[in-house]
Amino acid sequence: MRELICISCPQGCRLTAEISGDSWLITGNRCPRGEAYAKQELTDPRRVVTAVMPTDDPAHPFIAVRTDAPCPKAMIPGLLNKLYRTVVKTPVKNGDFVIKNIDNSEISVIVTENI
Ligand code: SF4
């Protein structure tokens, strides 16, 4: 048995996951998103990655970025290393791609502000 807290909305439902045959039985969720969250978390946990990257603009030496979709947790350390060592060329605007299709994952990194 595993216990989780659903982070899909501010309700924060306490979920319980038990193996039932060859699948997980999820209880404690107030809506279907909780079951989907728990199954994803138990089989392929993912997170949206946020970070700051260096820029080529001395007046704005760092810029906030995020992935445009949740990343598999195993990808996150390597992605952060890449983000910290890559210089963003300015000008850029909110939503511009910094890195597209990271390692053929169909996940990209976008900036979240204008410089
Ligand atoms: S199960 Fe539904 S209501 Fe509960 S935290 Fe998750 S999304 Fe919100």
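What follows is a short exchange about the terms and the values behind them.

Modeller: This is a predicted model, in which local features need pLDDT of at least 70, side-chain atom pairs count only at pLDDT 80 or more, and totals for chains, interfaces and linings use all residues. Residues are numbered from 1 along each chain as its sequence is written.

Colleague: What makes up the chain in helices and strands?

Modeller: The chain has 2 helices and 9 strands. Both are DSSP runs, numbered from the N terminus: helices are H or I with at least four residues, strands are E with at least two. The order from the N terminus is β-β-β-α-β-β-β-β-α-β-β.

Colleague: What are the domains?

Modeller: Domain 1 covers 2-43 and domain 2 covers 50-111. The bounds come from an automatic or database domain assignment. Their centres, taken over C-alpha atoms, are 30 Å apart.

Colleague: Why is Val 87 called exposed?

Modeller: A residue is buried if 20 or more other C-beta atoms lie within 10 Å of its own, exposed if 12 or fewer, and partly exposed in between, with C-beta atoms placed from the backbone. Val 87 has 11 such neighbours, so it counts as exposed. Val 87 lies in the loop between helix 2 (76-85) and strand 8 (97-99).

Colleague: Which residues does Val 87 contact, leaving aside neighbours within four places in sequence?

Modeller: Pro 54, Thr 55 and Asp 56. Contact requires C-beta atoms, placed from the backbone, within 7 Å.

Colleague: What makes strand 5 and strand 6 a pair?

Modeller: Two strands pair if DSSP finds at least two bridges between them. Strand 5 (residues 50-54) and strand 6 have 5 bridges, in the antiparallel sense. Thr 50 stands opposite Arg 66 in strand 6.

Colleague: Which residues of strand 6 form its covered face?

Modeller: Ile 63, Val 65 and Thr 67 form the covered face, while Phe 62, Ala 64 and Arg 66 form the uncovered one. Strand 6 also pairs with strand 9 (residues 109-111), antiparallel over 3 bridges. There, Thr 67 stands opposite Val 109.

Note on methods:
Two residues are in contact if their C-beta atoms, placed from the backbone, lie within 7 Å.
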